Amino acid sequence: MGLGALGALAAAGPLSALPAPVAPAPALPAYDPAHPDEYWRAVRAQYPLRDDPLYLNTGGLGPTPQRVLDRVYGTMTEMQEHSEPEHERRIKPARRALASFLGARPDEVCFTRNTTEGNSIVAAGLALNPGDEVIFETHAHPGGSYPWFNQVQRHGVVVKLFEPDVTSAEANVARIAALITPRTKVIQVSHIVCTTGLVLPVRAIADLAHQHGAWFHVDGAQAVGMIPVDVGALGCDSYAFSGHKWLGGPHETGGFFIRRDRLEQVAPVEIGSYSGDLPFLPGVIKLEDSAVRHEYGTRNLGLIAGLAEAIRFQLELGRDRIAAWSRGLATGLAAGIEDIPGLTVLSPRDPVLRSAMVTFSLRHVTAGRLTRYLGKRHRLRTRPVTEQGLQAVRVSTHVFNSRADCDRVIAALRAAAHDL
Ligand SMILES: Cc1ncc(COP(=O)(O)O)c(C=O)c1O
């Protein structure tokens, strides 16, 4: 998108209420489909991230462009110059930008500190009784599973797990369907599974959940910022994500969506100023008639402004273009390593199920050993995958990565097959 188009977008859209863009890092060139590598090199130059080690772990923690950091620092500095809370004035435009980015209404979203917090709002807030059942995948991250196991220990909720299938969307829907009973109250899935990068068929699972009257929650930690996410089209009741992964927002940022007509079904567990009104003590709290009821107390508005800047940056790059580039890199990487002797790619082959993460294992080599080897010998920052007994390594490819980066990974894995 050129600057003119961005200006039009900013004038018309929810970004118009945000502060003007900070002084840009090196300007982005217009996108030329004939020379994509040049464009993404210019994107790479926006990041303070060092070249060594080569960073391939956006699924763990996403690097932030300089202009996001400038926005955080600038906002925090401005707010120290007058030391006024300015909560409403600064948070509302950012919330509108977040809502628009997710395809939600402004009263359906609130800021959180991370995905775990959004998952916890749902797990702790739904009215569940002992014996009520919750279904999610065996590969759920602790940020998705612990909030539910906490309910198992505290309230006798029953967790039922399905093994995600990397070969077929329908198989995943069928595996969930096979676990449903009259006691099923909640189905939760990771939009993109953190171990293998499998994209789950969220819309079909939403329909299944609602046919059975179950709440449908999505853990979007690995999705928002990697692929376009429209919560309305996904059909979920609630959705949680982190700002500090694929979106490139500041650390300790995130968002939570709850459908307008489902608001009352999740009791807020943590509340305070900004959650509602309690005019006289003692009294009855009148909660905000929106997701904002979950966004209690004083917040670091610098971080929230930084998250809004990260959203602006993504819109400037184009969300479809981001998804195509990062997924394309992962696809090329997977193709380049599949013939390596002893190496198995655990990520999906089907393009519909595949994301910008590639996970692989090397025969007889533990996840820790392979990760250390790639780090020390080849200066590659990857992530070991040991969930569910896997001994694998995950590589994430994002907007600041290049085809040359993927070639380095391929060469390193060829060497690993020989050296280890
Ligand atoms: C699927 C999934 N859910 C939750 C989390 C936890 O994220 P956070 O620590 O930002 O809450 C992660 C982190 O990798 C994840 O992959």
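**Close-up views of a predicted model**

**Figure 1. Confidence along the protein chain of this predicted model.** Among the elements of the protein chain, the lowest mean pLDDT, 41, belongs to helix 1 (residues 3-12), and the highest, 99, belongs to strand 6 (residues 215-219). The pLDDT is below 50 over residues 1-12, a stretch that has 10 contacts in the model beyond near neighbours in sequence. For the protein chain, the mean pLDDT is 94, and 95% of the residues reach 70 or more.

**Figure 2. The shell of residues around the ligand.** The ligand is surrounded by Asn 114, Thr 115, Thr 116, His 141, Gly 143, Gly 144, Ser 190, Cys 194, Asp 219, Ala 221, Gln 222 and Ser 242. Helix 5 (115-125) and helix 6 (142-155) are the elements that each contribute two or more residues to this shell. Sorted by class, the shell comprises 9 polar, 2 nonpolar and 1 charged residues.

**Figure 3. The packing of helix 11 against helix 13.** Two packed helices are described by the angle between their axes and the distance between the axes. Here, helix 11 (residues 319-337) and helix 13 (residues 403-419) pack at an angle of about 25 degrees, and their axes are 9 Å apart. Because angles under 35 degrees count as roughly parallel, helix 11 is roughly parallel to helix 13. The crossing of helix 11 past helix 13 is right-handed.

**Figure 4. The residues that join helix 11 and helix 13 in contact.** From helix 11, Leu 329, Gly 332, Leu 333, Gly 336 and Ile 337 meet Arg 403, Cys 406, Val 409, Ile 410 and Leu 413 of helix 13. By class, this contact has 7 nonpolar, 2 polar and 1 charged residues.

Technical notes. Residues are numbered from 1 along each chain as its sequence is written. This is a predicted model: local features need pLDDT of at least 70, side-chain atom pairs count only at pLDDT 80 or more; totals for chains, interfaces and linings use all residues. pLDDT is the predictor's confidence in each residue, from 0 to 100. Helices (H or I, at least four residues) and strands (E, at least two) are DSSP runs, numbered from the N terminus. Two residues are in contact if their C-beta atoms, placed from the backbone, lie within 7 Å. A residue is near a molecule or strand if its C-beta atom, placed from the backbone, lies within 6 Å of it. Ala, Val, Leu, Ile, Met, Phe, Trp, Tyr, Cys and Pro count as nonpolar, Asp, Glu, Lys and Arg as charged, and the others, Gly among them, as polar. Axes are lines fitted to C-alpha atoms, for helices over the stretch in contact, and angles run from 0 to 180 degrees between N-to-C directions. Angles under 35 degrees count as roughly parallel, over 145 as roughly antiparallel, 65 to 115 as roughly perpendicular and the rest as oblique. A crossing is left-handed if the near helix is turned anticlockwise from the far one by less than a right angle, and right-handed if clockwise.
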